[in-house]
Structure formats: C-alpha cells, structure tokens
Amino acid sequence: MSSAAPKQVKPRAEKRPERKNGGRSTQPGGLRSPHGWQPHVSGALLKKRDELQPVRMALPIWPQAEPIRHALRRNNVLVLTGETGSGKSTQVPQFLASEPWCTKTIAITQPRRVAAISLARRVADEMGSLFGSQSPAARVGYSVRFDNATGPNTKIKFLTEGMLLQEMLRDPSMSQYSAVIVDEVHERSVNVDLILGFLRNLVSDMARDGKKRKAPLKVVVMSATADVKGLVRFFADGLPSPSGSANGTLDVPSTQNKAEPNPLATDQISTCFVEGRQYPVKTIYLPQPTLDWTESSLKLIFQIHYKEPLPGDILVFLTGQEVIEGLEKLVNDYAEGMDKEIPKLLPLPLFAALPQQAQQRIFQPAPYRTRKVILATNIAETSVTVPGVRYVIDCGKSKVKQFRNKLGLESLLVKPISKSAAIQRKGRAGREAPGQCYRLYTESEYTGLEERTVPEILRCDLSQAILTMKARGVDDVPNFPFLDRPPREALEKALMQLLNLGALTETGCISDIGLKMAKLPLTPALGRILIEAAKPERDCLHEVIDIISALSIDGSIFLNLVTEERKEAAEEARRELYRREGDHMTFLATVQQYAEEQTDRKAWCERHFVSHRTMQNVMNIRKQLRQQCQALKLLSSPDPPGPSENKTEAIIACLIRGFINNTARLMPDNVYRTVIGNQKISIHPSSVLFGRRLEAILFSTFVFTNKTWARDVSAVQLNWVEEAWDGMM
DNA sequence: GAGCACTGC
C-alpha cells in the first residue's frame, strides 16, 4: 500500500500544456505546494490562501484535525457530529487530503447543488488551488447534474447525493475514491439513506474480504445533530464479530432489534464531536394556544418592531405561498398607518416557487431605517441562509408530503414540526448576534412534539429507491441495512409497481429494462415510457424524450397569467400549440416548435406566453436524455429525426405502459374514476382537456387538495388500457 | 375554473 502513495503524486498535468496559466512557471507565482505536486499556482491564489489561513485556524473544528486524522488511521469509519458553524464541511476533506492512505480522490456529498458548488469554491480558495476544470492542476472540483467541474488531479470532489448514487451504480466498489464523506446526514434524504446503506455493505464486505478493493475505503459520516449512537450501531452491526459470530449479527442488519452492538465492533467506529458557533437565542412561547398564525405573527412583527432597536431583521416561518402572500399584504397595510417617527417595515416573501430574482431580494441590505421581515417556508430552514436575522417567529407547522400506500398517491398536509426542526428554526436568529425566537405555540405544545422529523424514506413512494438498490445488486431488499426500515406494505407496493413496469423479473431480480431505468435521471414510470418508445414497433423515442423533458421540470412551461386580458391573449396565441389529444401532445408540439425556432427563442416564448427559463431547462434535460439513450444503446444517433409522421397512437401507447395505474374512465354520472382503486378524480383546470368528457384519460400527475385532480392529461381509449393490461399479464 | 413544503439524477 505504501508504494501506491508516490505513484499518485506524479501529476500527469505536469506534462500537459497548461490551458489557463500556460507558460507562467518561470514567474515567482509558479510555486509548488508543500506536497510538491501542484504545479503553477499563481501568486494571487497563494495570497488568498494565506489570508484565509487564520480564519481556518479560528474554526471550532481546527483543533480536532489531528484527532480526526488519527481516528481514520486506526479505523475505517468515523462518525462526526459538528454543529452549525463548526467548519466541518470545508475542513475535514482538507485534513484528510495528505494522509498516507489517501492516494485517490476524496468524495464529499451534499444534499443541494448550490452547497456542492459553493463549498468547492471555498475549499479551492483555502488550498490556494485552481478550481473545477479551470486547469488540469486544479485539486478541488465538483460534480452536479449538467455541470461536471472536475479534472485529472481533482483530490477533493464535492458532489450531490444523487450524483454519487449514479456513480455507485457504475462503479460499485468506488475504486476512484480513498474516502467518502457524507455530509448533512441529519437531513435524512432518501438518497443519504441509500448511500449509507451501500457504504455499510461496502465496509462490512471489506472487513470480511479485503480483495474487493486494493486499499480500504474510509467513510466519514457528518451530522449536525447527535444521533451518534444510532450511526455507530448502524456501522458496527455490519462488521464481523471477532468472537465467533454465532448470533447471526452479520446477516441481520437491523438498527432496531438489537439493544447494544458488539462492543468490539463498536470499537472499530470512531466518533468525534465538535461544537458549533452560535449566539444565544431566547425562546418566548405563547401563553395560550392559537390557530390563527397570521394574526399572531402580525401582532408579534409589530411588537418586535416597536420594541427592538435596529438592526435586526425578522424571519417568520409559515406553511406556504398562500399564507405568506396574505401576511405580506397585511404587514404592508398596517405599516402604512405607522407613525412617521418609526422605522419602516419591508415584508419580503420567500418560497421555492418564487422567481430567482425575487428570492435574491432577501440578500440585499435593507434601505435606511428599514427593518426587513422575511416571510418564508421551510426553504429558510436549510436551503437558504437569510443574513441579518435576529428575531424568528415560528408557527410550528409545515407542509409535509405523505405517500398513502392504499391509494398509491402522495398528498401534502399541514403538520406540526418536530423538536429538531423547531430548534433549527430558532437557531436562525443566532447566526450573527444574540437573538430571540417567538414560538406561536405553548411550551407544553413544544414538549409534546416528536423529537425528530420523520425521515423521507418513511413517507415517500419507494419505487425509485428500490430500483436503485436492485440495480446495485441488493437482491434481499427487506434485509437491506436501512437506518429506518420502511413499513412492509410500502416496500411491497413499490416492488409490485416495479414488477408491473417490467423492471423486475418474476423472481424479483432486476431485468435488463430495470437496469437501464435505474441509470436514467427519471422516475421509474417515466424511465419505462422512454424505454418503451425505443422499441422498433413504437419508434417514437425522440418525441417521447421531448414530452418527458417537459414533464420532468417542476412547474409549467406555460406562464401563469393573472389578468383576464392576458389569459385570453394567451389562449389565442397558444392555439397552434394546443392539441386535442391532450397535454402530452401539447407539450410535444411546444418543445418541437421551440427547438425549431432558430433565430429568437426568447421572442418566440413571449409570443406564446411560454416561460423561456423553463424551456431552457427542458432543453438541458432533453440533451442529457438523448446522450444517455445513446449510451444505453437505445438511440443510434443523438440527432433529431426528420419530419415525423403522426405518431400519436404510438406515443400514447408508451405513456400507458408507464402510467397504467394512472388511468381513469368516465362513469355514467359523468365523473372520472380511476381504473385501479375506483377513486374519484377530476381533470385539473390547467389541462387543455379541462371540462371535456372523454371515454378514458391517462394522467402523469396527481394533485391532492380539497379534491383529487389529474394534471397533465391525455385522452385514451378504454380498449387501449385493457390491451395494455392484457399485454402485461 | 384551481392554486402545489423542499430537494435531486
């Protein structure tokens, strides 16, 4: 193993012509790093690095560098708890980069794209390295969908969880990495649960049979909350018991049914705790429970505003767009009547559906003598850090997606948050100075909250997660090491769905079709549709890719119009795009016409009341899907076909293949009922088929509010649905 | 004639 180390430090980059800094090696800036393998670093980069050094050294995690290195020399797994502001995400990879065992790349995962990119940029600065694909010499890079910024010498690679999962499908032993750092584990995305399960299997395989990898893979699990015990047990349970293992510990990978892990195995998992950097935040509860968060928030906003000096913005956590916009209006109304002596109030809404530009307003400093009031959803809990906040108002609720096994549909419900979410929200007041948190519930209500937010894997449709597992060779899904095991019915439902789609064989193994589906960035249903379209007898892959691309983006490609005038104008302008066959064919027409437009696509969008930004997104996905179809040998050429004949029937047949469960027929009383489950369902008003009475419909989305709506609808014939069922049997 | 927390490949 020791002989592997020097091999890696001979950079191929030295022999290559430099792209950006070519010819600068004679300049004083062309220095080498202490490790001697980073050629041609410019003086400016080194200056920045040296300036950042004292900042790094002041981070709470800095003194832990040596203990962390030591722990990973001894053991392969480290569970690290680091509170907000500890510096773990930027420092831990740097601590490990020059370790003797670290001959290859370090991967560090993030739940979100922005975090992966901005952390990579920061670490590059701190290391005095070029960044991404700027130069072959760059030692820090990132990989997110549509944007791979890594080079031949990338030593530290930030990537999204989804990206790492895709890599794991293609390289199960993770041979390009010396270490994998899984960050933000406490958020418990489905992807993180899968990654941890796969890593645990890898670690346990290594312990039993080291041949699968030349050098051990080091695993660091980083979390902001301290469920250290659970994570240690999770990994320890996978390790062989040195005392003879007659108790079946190896093969019953459960985190639930064992009281204590084998102490010897536990000893093989290192732990580390690092404090965060947080100002104190005072908590104030309501004396009496309330149901009217809007009114309570309004009162508190003005109470804080009158009582507390500037600066200090207010962040209000609410459930959704409607409530936010209502409160925004009320704050504006009441603020008008304020004494001129009092500073102004500026309410700013913040939710994901808000256009990017409007979201940016929260980062601009407040005008003179003005206090910002940010009215936000959960987005401000993790995804967006709002600067300048000293007061938090927390309504104690959030909207949660819940998958209902029996109905096979997901619905969005307002539910109480967990204690850990309440603590997270409160913490948002103490980032820059001591703060206050007003909870719109009583202390005893708080005491009654669940400790932790229910992990997503217990709440969602599992078909995609299980497809990923099967594609990675997990045949025994019920015995997969889940951090939290989903209920049996949820697993069975997902397995049935995959069987119906032909992703699994009758024995439950993954089929060729399933393997291809797993590699596509699509839900199983959409992936199946795409593969169906590639069949010679269907021959409509290009068309189906266009439709799927439009279905993959969130929101609509058509602009949502407010005034009656604009609505009518849009109806008129879009007439050439609308298809009587339904929304899917309408999407096809729109994507095709947009793609054909060569001169001014932006103007084309304005003429048709189509969102240009969304269409650019659609085109990105379309391009990626074409490339992937080529890689999967579904498509011989990435070029679009010539003028296409009418393929409507073939296209609809493909859609039915993936969405056979999402079909409904018109009943004698003029309501649609789903073919499976006999659920009442209505065509959503946003559909081109709204108000139409058709023999049967197929839809790609449920929206469950006060009614069950079918969105993205196509007209189908009942016998097509029946034939599809027969074909599957 | 409705209105959808948040991520991500």
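Is Ile314 buried or exposed at its relative accessibility? In this predicted model, Ile314 counts as buried because its relative accessibility is 0%. The residue belongs to strand S10, which covers residues 313–317.

Gly128 sits between helix H5 (113–127) and strand S3 (140–144). With a relative accessible area of 0%, Gly128 is buried. Val140 lies twelve residues from Gly128 along the chain, and the C-alpha atoms of this pair are 9.9 Å apart.

Charged residues come next. Side chains of opposite charge can pair when their charged atoms come close. Across the whole structure, the search finds 27 salt bridges. One of these links Lys47 and Glu51, whose closest N and O atoms are 3.5 Å apart. Both residues belong to helix H2 (residues 43–57), and because they are four residues apart there, about one helical turn separates them. Lys47 counts as exposed, since its relative accessibility is 55%.

Another salt bridge joins Asp50 to Arg49, with 3.3 Å between the closest N and O atoms. Here Asp50 is partly exposed, having a relative accessible area of 44%. Arg49 also counts as partly exposed, at 23% relative accessibility; the value falls in this class because buried means under 20%.

A further salt bridge is formed by Lys299 and Glu295, and its closest N and O atoms lie 3.3 Å apart. How far apart are Lys299 and Glu295 in helix H10? They are four residues apart in this helix (residues 293–307), so about one helical turn separates them. Lys299 counts as exposed at 56% relative accessibility, while Glu295 is partly exposed with a relative accessible area of 41%. Elsewhere, salt bridges with shared partners connect Glu66, Arg69, Arg73 and Glu99 into one network.

What of a charged residue without such a partner? Arg472 is buried yet has no salt bridge. The nearest side chain of opposite charge is that of Asp205, 7.2 Å away. A salt bridge requires a side-chain nitrogen of Lys or Arg within 4 Å of a carboxyl oxygen of Asp or Glu. Arg472 is found in the loop between helix H15 (463–471) and helix H16 (488–500). A polar atom of the Arg472 side chain does, however, lie 3.5 Å from the backbone oxygen of Met168.

Which residues form a negative surface patch? The patch is made up of Glu564, Glu565, Glu568 and Glu571. Among them, Glu568 is placed in helix H20, which runs over residues 564–573. Glu568 counts as exposed because its relative accessibility is 57%.

Methods. Residues numbered from 1 in each chain as written. Chains lettered and ligands numbered in written order. Predicted model: local features only at pLDDT ≥ 70, side-chain atom pairs only at ≥ 80, totals over all residues. Heavy atoms only, no water. Patch = residues over 30% accessible without salt bridge, like charges linked within 9 Å, V, L, I, M, F, W, Y side chains within 5 Å. Areas by Shrake-Rupley, 256 points an atom, 1.4 Å probe, with all protein chains shown as cover. Lys, Arg positive; Asp, Glu negative; His and termini not counted. Charge placed at Lys NZ, Arg CZ, Asp CG, Glu CD. Helix = DSSP H or I, 4+ residues; strand = E, 2+ residues; numbered from the N terminus. Buried < 20%, exposed > 50% of the residue type's maximum accessible area, 1.4 Å probe, protein only. Polar contact = N/O pair within 3.5 Å; in protein donor to acceptor, adjacent residues only side chain to side chain.
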